[in-house]
Each structure stands twice: as C-alpha cells, then as structure tokens.
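Welcome to this short briefing on a protein chain. Have a look at the model below, and then read on for a guided tour of its main features.

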Amino acid sequence: MNPDSFKANESGRMSEIELESALRHTLRSEQPPAGFAERILAEAARREQGSAISAPQRGQLIRMPGLRFAAAAALLLATSLGIQHRAQQQEQAQGQVAREKVLLALRITSSKLHRLEMRVSQLQSDDASPN
C-alpha cells in the first residue's frame, strides 16, 4: 500500500486508521540491499587504516597530563570569555535603557519649559495691553 494513496478528508486530515496504516507502511522493516553489510565493514576498515593515530596512541594522548591541562585551560578561557561577553552585553543594554530614560526626561522638561515660556509671554502681553 502506497502512503500517497491515503487521502485527507474535507478538513485536510486523515482518519486515525488511515494515519496508523500509513505509519505502519512507512516504518515497516525492509531488507538491506545486497552487499550492504560488506560495504559498511569495508568502509569502517578503510577509515581505521586511514586514521593517522591508532587506537592505542589515542589512549596515550588522553592520558597525557599536559594535554589534559591544555584542554582544561582552553575550556576555562572559553568559559570566562563567554561570561565576560555576556556581562558586557548586559551593561550595554542597561546603558541603552538609561539613555532612553534621560531622553524622555529631556523631552518632558523641554515640553514643560515651552509651556512656561508661552505662559510668561501671554502674561507679559496681558500686562502690556491697555485696559
């Protein structure tokens, strides 16, 4: 049974039975093609032969205290740089918030000063006009 043969109903969905059947069909076990296992084993052997460092040599590298120290130092350095970068980002964000607050305060102050100037100007013109 071909999963493409399942049709959706009016709402654009398959029934549960059709969905289960489609899943069973899609997930059914299949026999691998002829020679599959041999190709995998040959590729694994080729990669093992092509490896510059043999398995025992890799074990010796891991046991080297200098290498472990260098790896630990690199990890510590990367961690500390990441923490420092995050702190700098937070500081920049806080600075941006503070900047926005100062600009808002300046706009409010400017608006109030403008109103006061208009009021003073109006009072002066009222005083200067003849009664």
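A residue is called buried at under 20% relative accessible area, exposed at over 50%, and partly exposed in between (1.4 Å probe, protein chains only). Leu19, at a relative accessible area of 41%, is therefore partly exposed. What you see is a predicted model, in which local features need pLDDT of at least 70 and side-chain atom pairs count only at pLDDT 80 or more, while totals for chains, interfaces and linings use all residues. Residues are numbered from 1 along each chain as its sequence is written, and side-chain values use heavy atoms, with hydrogens and water left out.

**Overall layout**

- The chain has 4 helices and 0 strands, where helices (H or I, at least four residues) and strands (E, at least two) are DSSP runs numbered from the N terminus.
- Along the sequence, this gives the pattern α-α-α-α.

**Confidence**

- pLDDT is the predictor's confidence in each residue, from 0 to 100, and its mean over the chain is 82, with 79% of the residues at 70 or more.
- Where in the chain is confidence lowest, and where is it highest? The lowest mean, 62, belongs to helix H3 (residues 55-63), and the highest, 92, to helix H4 (residues 65-128).
- Where pLDDT is low, the predicted coordinates should not be read in detail.

**A nonpolar patch**

- Met14, Leu19, Leu23 and Leu27 make up a nonpolar surface patch, and together they have about 380 Å² of accessible area.
- Patches are made of residues with over 30% relative accessible area and no salt bridge, joining like charges within 9 Å and nonpolar side chains (Val, Leu, Ile, Met, Phe, Trp, Tyr) within 5 Å.
- Leu19, one of the patch members, sits in helix H1 (residues 16-26).

**Salt bridges**

- How many salt bridges does the structure hold? There are 5, each being a side-chain nitrogen of Lys or Arg within 4 Å of a carboxyl oxygen of Asp or Glu.
- Side chains of opposite charge can pair when their charged atoms come close.
- Arg24 and Glu20 form one of them, with their closest N and O atoms 3.5 Å apart. These two residues are 4 residues apart in helix H1, so about one helical turn separates them. Arg24 is exposed at 56% relative accessibility, whereas Glu20 is partly exposed at 41%.
- Arg28 and Glu30 pair at 3.2 Å, N to O. Here Arg28 is partly exposed at 42%, and Glu30 is exposed at 58%.
- Arg99 and Glu100 meet at 3.6 Å, N to O. Arg99 is partly exposed at 46%, and Glu100 is partly exposed at 38%.
- Glu43, Arg46 and Arg47 are joined in a salt-bridge network.

Methods:
Accessible areas come from the Shrake-Rupley method with a 1.4 Å probe; for residues, only the protein chains shown count as cover.
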